[in-house]
Amino acid sequence: MVIKKMHDLGIRSEHAYIAGLASVGLSFVSWFASLQAEKAGVERADRWGIFVGEWAPTFIGLGLALSHYEQQEGTLNGSLHSVRKTG
């Protein structure tokens, strides 16, 4: 139900995969920014990095669910996902 609503809103599996990849980079950026700006030590910076880093598996999971939904609906785009018919 949630996946269908996301699909209806125009969110595709590629968007979720990109968000997952971006969150990995954002995890490093938030760790470094916390380390430099807050002067609260490595422990606080580690918490920020881990917090943002936990988003990546969520986005990847949403991407997989959206991809599965797109395959069922026949709306999955991209040459990597296409099935070649023989015969």
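A: Tyr17 is partly exposed, because its relative accessible area is 26% (buried means under 20%, exposed over 50%, and partly exposed in between, with a 1.4 Å probe and protein chains only). The model is predicted, so local features need pLDDT of at least 70 and side-chain atom pairs count only at pLDDT 80 or more, while totals for chains, interfaces and linings use all residues. Residues are numbered from 1 along each chain as its sequence is written, and side-chain values use heavy atoms, with hydrogens and water left out.

Tyr17 lies in helix α2; helices here are DSSP runs (H or I, at least four residues; strands are E, at least two), numbered from the N terminus. When neighbours within four places in sequence are set aside, Tyr17 is in contact with Ile60, Gly63, Leu64 and Ser67, contact meaning heavy atoms within 4.5 Å. Between the C-alpha atoms of Tyr17 and Gly61 the distance is 8.7 Å, although 44 residues separate the two in sequence.

Other residues of helix α2 extend this picture. Ile18 has its place in helix α2, which covers residues 13–37, and is exposed, with a relative accessible area of 57%. From Ile18 to Phe59 the C-alpha distance is 8.4 Å, across 41 residues of sequence. Ser27 also belongs to helix α2, but is buried, since its relative accessible area is 14%. The contacts of Ser27, neighbours within four places in sequence left aside, are Gly49, Val52 and Gly53. Phe32 is found in helix α2 as well and is partly exposed, with a relative accessible area of 41%. Phe32 and Gly49 lie 17 residues apart in sequence, with 8.2 Å between their C-alpha atoms.

Phe51, Val52 and Gly53 in α3 meet Trp55, Ala56 and Pro57 in α4. By class, this contact of α3 with α4 holds five nonpolar, one polar and no charged residues (Ala, Val, Leu, Ile, Met, Phe, Trp, Tyr, Cys and Pro count as nonpolar, Asp, Glu, Lys and Arg as charged, and the others, Gly among them, as polar). The axes of α3 (residues 42–53) and α4 (residues 55–73) come within 5 Å and cross at roughly 5 degrees. The two helices are therefore roughly parallel, a word used for angles under 35 degrees.

Leu66 touches Ile3, Met6, His7, Ile11, Arg12, Ser13 and Ala16, residues up to four places away in sequence not being counted.

For the chain as a whole, the secondary structure amounts to four helices and zero strands, in the order α-α-α-α along the sequence. Of its 87 residues, 23% are buried. Among contacts between residues at least 6 apart in sequence, 70% join residues at least 24 apart.

Note on methods:
Axes fitted to C-alpha atoms, helices over the stretch in contact; angles between N-to-C directions. Parallel < 35°, antiparallel > 145°, perpendicular 65-115°, else oblique.
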